[in-house]
Amino acid sequence: MNKNDIVTIEITGITAEGSGVGRHEGMAVFVPNTIEGEVVQARILKLQKNFAHGKIEEILKKSPDRIESDCEVYHKCGGCTYRHMNYEAECAIKYNRVSDTLKRIGKIDIVPEPILGGEDIKAYRNKAQFPVGMDENGKLQIGFYAERSHRIVDFDSCGLHPPEFTTVVKVMREYIAKSSMTVYSETTKRGLLRHIYVRKAFATGEIMVCLVINSNRIKEEVLLTEMLTRAVPAIKTIVLNKNKADTNVILGKDCRTIYGTGYITDVLCGLQIKLSPLSFYQVNSVQAEKLYAKAKEYADPKDKTVLDLYCGAGTIGLTMADSAKEIIGVEIIPEAVKDAIENAAQNNIKNARFLCDDAAGAAENLAKEGIRPDVVLLDPPRKGCDQRLIETVAEKMTPDQIVYVSCDPATLARDCGLFEEKGYQVIAATPVDLFPRTKHVECVVLMSRVKE
Ligand code: SAH
């Protein structure tokens with residue numbers, strides 16, 4: 001097999017990245033945008049020692065699950081992975097990915113509960129971060145990064161976003177043309193605007209616009225506010241976020257509000273949730289409610305002490321506060337902790353407290369203080385939990401139940417495997433599709449302490 005060869009491949013599997021894979025002359029060939037069972041002619045684009053990457057030239061046998069993508073930039077933008085198949089097929093892939101990963105990496109042999117799929121798979125995202133730059137001809141680019149790159153794919157609208165986000169981007173194009181605002185270049189490290197970050201509270205309709213800039217201020221603030229709020233009256237606040245660092249991390253630490261209060265308010269699981277720019281919030285509110293309901297069912301928090309590690313703005317723990325004895329939340333971002341404390345107060349929740357700390361360190365300190373939670377909730381970032389944290393929870397805190405929420409099946413499986421070595425058993429798991437049409441899938445797992 002050589003580069004540019006056209007070979008016939010039967011697609012026999014789907015990778016965790018969502019690419020179809022088949023074999024040719026014993027070698028694995030990855031062909032994106034294919035579906036298991038399909039037979040395609042693929043052009044070989046890249047040849048490695050043990051595998052190759054190809055691109056569809058022609059589909060010889062079409063899957064009955066194949067549909068026409070309804071997005072113009074689907075094959076350029078790195079956002080969606082499954083727009084070429086119906087949603088049932090996507091859910092089946094995600095279910096199998098969770099189930100297989102738990103088995104393969106964690107050696108956990110359970111049949112997960114059915115995946116909780118989204119009813120609305122369009123315009124569900126409550127958050128978008130658009131990189132801003134110039135192309136080689138000096139033309140303004142606002143959009144998304146292409147897969148595994150920092151090349152911006154410019155676009156007018158995205159099928160996963162509510163219409164207000166499209167309007168905000170349109171107005172920002174006009175503002176940039178009208179004002180003295182420059183855009184940031186990752187090569188020269190100069191220029192002002194780096195990212196346009198927009199959030200919508202779906203329950204209240206409130207919108208936040210946050211501009212990530214390579215400075216402390218912008219010149220025409222009033223014009224910006226006027227243009228944005230005129231076009232989108234639901235904008236309740238506009239914030240500038242300073243990020244002068246040469247980094248891939250989108251947000252800097254400092255925010256300055258130039259319009260409104262600096263936050264928006266959503267309603268989630270019946271609770272008023274205040275959101276400031278630096279606080280994490282699940283990107284799909286409707287699905288987050290299903291996820292939290294499942295986490296609550298697993299935690300069964302009645303009269304229990306619940307430790308909510310990696311708690312963000314406190315959301316998961318607070319939904320359990322009505323029946324739990326006490327909630328202790330731990331989160332490393334100070335602004336999120338502040339939101340969590342205010343979220344408890346504005347919902348009249350008195351049995352919750354929050355610590356701003358590293359989860360592993362805080363767990364050690366709490367264990368030393370003699371705190372023995374009945375349930376520990378874990379909801380770490382993609383890289384999963386610290387080994388030290390797993391040891392502290394499993395060996396020193398010894399809760400009866402651990403409820404682990406994760407957006408990465410691989411690190412979830414690894415960590416559940418470690419908990420199983422330390423006296424816990426995975427009792428149940430439910431995949432939840434927080435990210436329809438993309439390769440991502442969320443999962444919540446219940447582990448119980450095995451009693452001797
Ligand atoms: N449970 C929350 C947030 C989950 S996202 C929710 O459902 O909305 C993961 C959170 O972990 C983020 O808020 C992030 O800021 C926080 N985090 C990351 N590393 C951490 C650490 N070492 N210790 C404590 N919190 C951490």
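This is a predicted model: local features need pLDDT of at least 70, side-chain atom pairs count only at pLDDT 80 or more; totals for chains, interfaces and linings use all residues.
Local features need pLDDT of at least 70 and side-chain atom pairs count only at pLDDT 80 or more, while totals for chains, interfaces and linings use all residues.

Student: Into which domains is the protein divided?
Tutor: Domain bounds here come from an automatic or database domain assignment. The division gives domain 1 (6-66), domain 2 (91-119 + 284-449) and domain 3 (127-268).

Student: How far apart do the C-alpha centres of domain 1 and domain 3 lie?
Tutor: The domains concerned are domain 1 (6-66) and domain 3 (127-268). Their C-alpha centres are separated by 37 Å.

Student: Between which domains does the second largest pocket lie?
Tutor: A pocket is an open set of points on a 1 Å grid over the protein atoms alone, with protein on both sides within 12 Å along at least five of seven lines, and lining residues have an atom within 4 Å of a point. The volume of this pocket, meaning the space filled by probe spheres set on points joined across faces, edges and corners, is about 890 Å³. Of its 26 lining residues, the closest to the centre are P32, N33, H75, E147 and R148. Because both give residues to the lining, the pocket lies between domain 1 (6-66) and domain 3 (127-268).

Student: Which element gives the largest share of the lining of the second largest pocket?
Tutor: Strands are DSSP runs of E with at least two residues, and helices are runs of H or I with at least four, numbered from the N terminus. Two or more residues come from each of β4 (39-47) and β5 (51-61). The largest share, four residues, comes from β5.

Student: How many charged residues are in the lining of the second largest pocket?
Tutor: Asp, Glu, Lys and Arg count as charged; Ala, Val, Leu, Ile, Met, Phe, Trp, Tyr, Cys and Pro as nonpolar; and the others, Gly among them, as polar. The lining has eight nonpolar and 10 polar residues, and its charged residues number eight.

Student: Is N33 buried, partly exposed or exposed?
Tutor: N33 is in the loop between β3 (27-31) and β4, and its phi is near 65°, a positive value in a residue other than glycine. Most residues other than glycine have a negative phi. Buried means under 20% relative accessible area, exposed over 50% and partly exposed in between, with a 1.4 Å probe and protein chains only. At 22%, N33 is therefore partly exposed.

Student: What is the relative accessible area of R148?
Tutor: R148 is found in the loop between β7 and β8 (152-154). Although R148 is not a glycine, it has a positive phi of about 50°. R148 counts as exposed because its relative accessible area is 73%.

Student: What is the volume of the largest cavity?
Tutor: A cavity is a set of grid points where a 1.4 Å probe fits but cannot get out, and the structure holds two cavities of 30 Å³ or more. The largest cavity is lined by 13 residues, of which C71, V73, C77, C80 and C158 lie nearest its centre. By class, this lining has nine nonpolar, three polar and one charged residues. The space in the largest cavity is about 110 Å³.

Student: Which element gives the most residues to the lining of the second largest cavity?
Tutor: The second largest cavity has a volume of about 50 Å³, and its lining includes F130, I142, F155 and F165. The elements that give two or more residues to this lining are β7 (140-145) and α2. With three residues, the one that gives the most is α2.

Technical notes: Residues are numbered from 1 along each chain as its sequence is written. Side-chain values use heavy atoms; hydrogens and water are left out.
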